[in-house]
Amino acid sequence: MFYINRKPWDLHQSKHTPVDVYKNRKLHRREFLKMMGIAGTGAVSLSQLTGCEKATDEEIEQAGAVEPLPEKQKSIYPAEKNAAFEYDRPETAKRDAAEYTNFYEFSTSKQTWRFVDKFNPSPWTIEVGGLCAKPKTFDMDDIYKTFSLEERAYRHRCVETWAMAVPWTGFPLKELLKLVEPNSKAKFVALETFNKPEEAPGIQSDPHHPWPYTEGLTIEEATNDLALLATGIYGEPMPKQHGAPIRLVLPWKYGFKSVKSIVKITLTDKRPETFWNIINPREYGFEANVEPEVPHPRWSQKTEWMLGTRERFDTQKYNGYGEYVGNLYPV
Ligand SMILES: Nc1nc2c(c(=O)[nH]1)N[C@H]1C(S)=C(S)[C@@H](COP(=O)(O)O)O[C@H]1N2
Ligand SMILES: [Mo]
């Protein structure tokens, strides 16, 4: 349905979609129609193909909401703003971010919020282990009790050229790593998303993909102050389609590195295999820093467009976060 909605200033779907997904688009489309309860091959109206009527803010909000949220977690939001972080442009509207996301476990369309109803992110645990002295499994209560949350205004840049400016609630990944005491052999951090096909229709319809979604960082990147484990967005707990109940946010890297709905974090001495790098290593590298001068094999990365307003900006090296991360990548 997505390319029917396409605006002339968007890239064509074949240009921004991973090749194997684009080749299978008819299958994905059938899956989508099945999901929307439109069975058979009979006549289908344009409004059904485009995902029905325009959704209301309430519909989007309810679809993504994680219920019930314990009272003590509710009281944490909104967390105090960290004044060190400011946007250089207007904040993206909550709705514009909520209705346009990548989350392949649910759908290859951007309207992943329509496919998250079976996803139950509570209770939830994150197992942290590998090359460290004190491996530990955290539930969300532990997370909320152990770490002090703050709000950070970050810009996000998807490798497909769309961008947003949103406030995340979270804490630095390095605080969690410190607790488990990595040993000197730990050179990389591997992160893993949940893998429950019964709750995630995208896993069901793409069984050949290397689930679970995995990502990885060097230990220096993972302990950089910018690397944030986020439990919320816009001063509220994380909606499902943004990666409830806890996800990574790496504002200097392309969005696919910011792995959602994390269940496992492993300290390791080997560079971890990662989802997109396995599928298409030529197009999705391990490092994946935002670099305007390095084009994607199928499109330029010189500019980006904002969700909602579609305003265009020049892409900045490291997405403008060079003062924090430039020293990680000596030239
Ligand atoms: N588990 C998982 N994490 C994921 C993805 C995904 O498909 N699965 N997509 C990534 C991509 S490509 C982007 S751009 C961001 C987008 O999500 P957001 O808009 O909620 O930040 O999530 C990233 N994290
Ligand atoms: Mo992305």
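The side chains of asparagine 289 and tryptophan 252 are joined by a polar contact of 3.3 Å. A polar contact here is a pair of N or O atoms within 3.5 Å; within protein, one must be able to donate a hydrogen and the other to accept it, and residues adjacent in sequence count only if both atoms are side-chain atoms. The model is a predicted one, where local features need pLDDT of at least 70 and side-chain atom pairs count only at pLDDT 80 or more, while totals for chains, interfaces and linings use all residues. Residues are numbered from 1 along each chain as its sequence is written, chains are lettered from A and ligands numbered from 1 in the order in which they are written, and side-chain values use heavy atoms, with hydrogens and water left out.

Asparagine 289 also has a polar contact of 2.9 Å, side chain to side chain, with lysine 253. Its place is the loop between helix H12 (275–279) and strand E12 (303–306); helices (H or I, at least four residues) and strands (E, at least two) are DSSP runs, numbered from the N terminus. With a relative accessible area of 6%, asparagine 289 is buried. Buried means under 20% relative accessible area, exposed over 50%, and partly exposed in between (1.4 Å probe, protein chains only). Leaving aside neighbours within four places in sequence, asparagine 289 is in contact (heavy atoms within 4.5 Å) with Trp252, Lys253, Tyr254, Tyr318 and Tyr329.

Now back to tryptophan 252. Again leaving aside neighbours within four places in sequence, its contacts include Glu221, Asn224, Leu226, Asn289, Tyr318 and Tyr329. Trp252 is also among the residues with the most contacts inside the largest nonpolar core, along with Ile143, Trp168, Leu173, Leu176, Leu248 and Ile265. That core has 77 residues, and a nonpolar core is a set of buried Ala, Val, Leu, Ile, Met, Phe, Trp, Tyr and Cys residues joined through side-chain atoms within 4.5 Å. Strand E5 (residues 162–172) gives the most to this core, namely five residues. There is a second, separate core of five residues, including Tyr87, Ala163, Ala165 and Met306.

Strand E5 turns up again at the ligand: with three residues, E5 gives the most to the shell around ligand 1. Of the 19 residues around the ligand, Tyr104, Glu105, His242, Ser258 and Lys260 come nearest; a residue counts as near if one of its heavy atoms lies within 4 Å of the molecule. By class, the shell has nine nonpolar, seven polar and three charged residues. For that tally, Ala, Val, Leu, Ile, Met, Phe, Trp, Tyr, Cys and Pro count as nonpolar, Asp, Glu, Lys and Arg as charged, and the others, Gly among them, as polar.

Some side chains can be paired with particular ligand atoms. A polar atom of the glutamate 105 side chain lies 2.8 Å from a nitrogen atom of ligand 1. For lysine 260, a polar side-chain atom is 2.8 Å from an oxygen atom of the ligand, and for arginine 247 a polar side-chain atom is 2.9 Å from an oxygen atom. Taken alone, ligand 1 exposes 530 Å², and the protein buries 99% of that. Accessible areas come from the Shrake-Rupley method with a 1.4 Å probe; for residues, only the protein chains shown count as cover.

Two cis peptide bonds deserve a look. One runs from serine 122 to proline 123, with omega near 5°, and proline 123 is in the loop between helix H7 (94–98) and strand E2 (125–130). Another joins alanine 244 and proline 245, with omega about -5°; this proline 245 is in the loop between strand E9 (236–237) and strand E10 (247–249).

As for the whole protein chain, its secondary structure comes to 13 helices and 13 strands. Of its 331 residues, 53% are buried. The chain exposes about 15,200 Å², with carbon and sulfur atoms supplying 53% of it.
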